[in-house]
Amino acid sequence: MPLITLPDGSQHRFVAPLTGAALAAAIGPGLARDAIAMKVDGVLMDLSREIDHDAHVVFITRKDPEALELIRHDAAHVLAEAVQTLYPGTQVTIGPTIENGFYYDFARNEPFTLEDLPAIEAKMREIIARNAPFVREVWDRDEAIRFFEAKGEHYKAEIIRDLPETEVITLYRQGEWVDLCRGPHMRSTGDVGTAFKLMKVAGAYWRGDHRNPMLSRIYGTAWRNQAELDAYLHMLAEAERRDHRRIAREMDLFHFQEEAAGSVFWHANGWRLYRTVQAYMRRRLEQAGYQEVHTPQLVDRALWEASGHWEKFREHMFVVQLENENRTLALKPMNCPCHVQIFRQGVRSYRELPLRMAEFGSCHRFEPSGALHGLMRVRGFTQDDAHIFCTEEQISSETVRFVELLRTVYRDFGFAEFRVKFSDRPPVRAGSDAVWDRAEAALSEACTLAGVDYTLNPGEGAFYGPKLEFVLRDAIGRDWQCGTLQVDFVLPERLDAEYVAEDGSRRRPVMLHRAVLGSFERFIGILIEHYAGRFPLWLAPVQAVVATIVADADAYAAEVAAQLRKAGLFVLLDTANEKITAKVRTHSLAHVPVLAVVGRKEAENGTVSLRRLGSERQEVLALEEAVRRLAKEACPPDLHA
RNA sequence: GCCGACGUAGCUCAGCGGUAGAGCAACUGAUUCGUAAUCAGUAGGUCCUCGGUUCAAAUCCGAGCGUCGGCACCA
């Protein structure tokens, strides 16, 4: 005699166990029509499941957030049926939901290509139109294994074998087709609806392990209604519009070419942007008590052996074998060993600690070809790197200082939000548990003092120490890990760094490896996408264009440009024989933030007409006033009075 | 590195066995114009590279390189 409590508090007693569908029908025809699943005491279930005990029941309709998961999960099943109908002999493996959609991995000799998708999607729509109910069946484990083996579904059989003995083995039927699945599902395939789309194909290793066979994955997106699907597709188009590689062409920032895969050719505009970012960082670091150094690119193998990189990082290093001398050098993949060399010059005193050594360190790492991606993943890059040599007691206060620096920098670049991930001791590690206890406590305490919350990444720390990772969120909600702070007990030991303590004894410093931006290349890529090329004035590589309407204004336009340059702006002069509409279009497409238009009127009155990128508003100002305002606006945030 | 797609003028792309094309950009000329494309003309190509098939290859096949989307990797 189950007593059912609904979200509105009402209670209903039934004389016998009943299914969710029956319960919905008992409550009302509207609910019977709209309910696609239910939560029984907080657990999401099929409507076909029987409720035989007192329970709190919440019905799920398409309006609920849970519906997305269900729709995507069921869409994955429909996809699998469609594929197996069209391509007999294809084995199914797994098909989970993901952010924005779902995928299904298939085992097939011939991988799927983009051309296969329209037919598969059409078949999916057929299956959905057929509207076959999802039927849940509980199977005996061994029988299920035999069943799938007999069908030639070896991956499914393997999945069942690996399930814990206690797990109930359930299969779901949709018409003729059946799949191993934990569930829950909606009522029938028709509940998937029509707001879905197959997006792309990709290879993916079975169980994510590169030693396993590669499966053929089909990605799809699915939503509750067409409007949501359209909005998602629109968002993708927006991300495409912001792609830093595309904007780089529009703004003439940089390029890549085959002869230097993974290394950037910075054009004048891009390099100006780079220098602006770097000059800003240099000032911030100086204010924060860092000393800047510069260390060699090419360093003998002996140092990398001593630091441990030769053993642990060899396959990522560019190695140079000298022909004339019997010597092996490597391009540095990191700056830390070189910084320790500077620390080791002379005798260091505890009075010098914390010693904050910064370098805009140009590093090279051999990245696998498939990993390269515009500015975001390159082989040659420059880190805003620094190493803080300090005592164990100073870890906490140095971390607080670092978080403050990072918060300031991110804010200045227009990132309001960031979050922190804390990676603690991994299973295999150097250093005693007591030292790890203290280091982790210091980082944790520092986060509290700095007023930042963190999420824990258990066991994800480096072997040499725990770390914090700083993830910022861009204008369209994507996350980018940029900053990092890593505690290192190992390198000072390996490279024999020491200082003289207050009591005259020799001690090992702790090293904090830290970066705010990560690499300039990647951070600039993020900036480009964050701003979609429409930079605030202080960052814009071309800050203004002075454009003439008639040739009579050429001389005055040159004067305007000269005044703006004198005030420190980077300005181009456009006296081309074009109509002003064409000039507006050209410079708008190049994302120039300020267009200073001058015609006869401005020349006569000593004014300029300012037009901001993306706005049709015009503001006519006296020249000196325009220069004053723009100069102020172009001032980097750290230099404001 | 693995799977798939792609590589044609500076850019965006068409052509898909039979003499390399368009728009924009560039250059020249005309036009002097008030806030997102003025008109006309000219020039511009080892069709990524190397091999193969063919009377004939941008086009078909193979390998390599690169790019893109994923997967793996990111100490």
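1. Helices (H or I, at least four residues) and strands (E, at least two) are DSSP runs, numbered from the N terminus. The model under discussion is predicted: local features need pLDDT of at least 70, side-chain atom pairs count only at pLDDT 80 or more, and totals for chains, interfaces and linings use all residues. Residues are numbered from 1 along each chain as its sequence is written, chains are lettered from A and ligands numbered from 1 in the order in which they are written, and side-chain values use heavy atoms, with hydrogens and water left out.

2. Grid points are joined across faces, edges and corners, and a volume is the space filled by probe spheres set on the points. One cavity of 30 Å³ or more is counted by this rule, and the largest cavity holds about 60 Å³ of space. Its lining includes Val-584, His-587, Ser-588, Arg-611 and Arg-612. Helix H18 (580–589), strand E34 (594–598) and strand E35 (607–612) each give two or more residues to that lining. The largest share, three residues, comes from H18. By class, the lining of the largest cavity has six nonpolar, three polar and two charged residues; here Ala, Val, Leu, Ile, Met, Phe, Trp, Tyr, Cys and Pro count as nonpolar, Asp, Glu, Lys and Arg as charged, and the others, Gly among them, as polar.

3. On the open space: a pocket is an open set of points with protein on both sides within 12 Å along at least five of seven lines. The volume of the largest pocket is about 960 Å³. It is lined by 31 residues, of which Arg-365, Gln-383, Gln-481, Thr-484 and Gln-486 are the closest to its centre. Strands E24 (380–390), E27 (467–473), E28 (479–488) and E31 (510–519) are the elements that give two or more residues to this lining. E31 supplies the largest share, six residues. The lining of the largest pocket divides into 13 nonpolar, ten polar and eight charged residues.

4. On the domains, whose bounds come from an automatic or database domain assignment: chain A is divided into domain 1 (3–60), domain 2 (72–238), domain 3 (250–297 + 339–531), domain 4 (299–331) and domain 5 (544–639).

5. On the boundary between domain 1 and domain 2: their centres, taken over C-alpha atoms, are separated by 28 Å. Ten residues of domain 1 are in contact (heavy atoms within 4.5 Å) with seven residues of domain 2. The two domains bury about 670 Å² between them, 48% of it on carbon and sulfur atoms; buried area is the accessible area (1.4 Å probe) that two parts lose on being put together, summed over both. In domain 1, Ile-36, Asp-46 and Arg-49 lose the most area to domain 2, together 64% of what that side buries.

6. On salt bridges (a side-chain nitrogen of Lys or Arg within 4 Å of a carboxyl oxygen of Asp or Glu): the structure holds 54, while the count between domain 1 and domain 2 is zero. One salt bridge joins the side chains of Glu-126 and Arg-130 (3.9 Å, N to O). Because Glu-126 and Arg-130 are four residues apart in helix H4 (residues 117–130), about one helical turn separates them.

7. On backbone geometry: most residues other than glycine have a negative phi, and most peptide bonds are trans. Asn-131, in the loop between H4 and strand E11 (134–139), has a positive phi near 55 degrees. A cis peptide bond joins Gly-183 and Pro-184, with omega about -5 degrees; Pro-184 lies in the loop between strand E13 (177–180) and strand E14 (196–205). Leu-353 and Pro-354 are also joined by a cis peptide bond, with omega about -5 degrees.

Technical notes. On a 1 Å grid over the protein atoms alone, a cavity is a set of points where a 1.4 Å probe fits but cannot get out, and a pocket is an open set with protein on both sides within 12 Å along at least five of seven lines; lining residues have an atom within 4 Å of a point.
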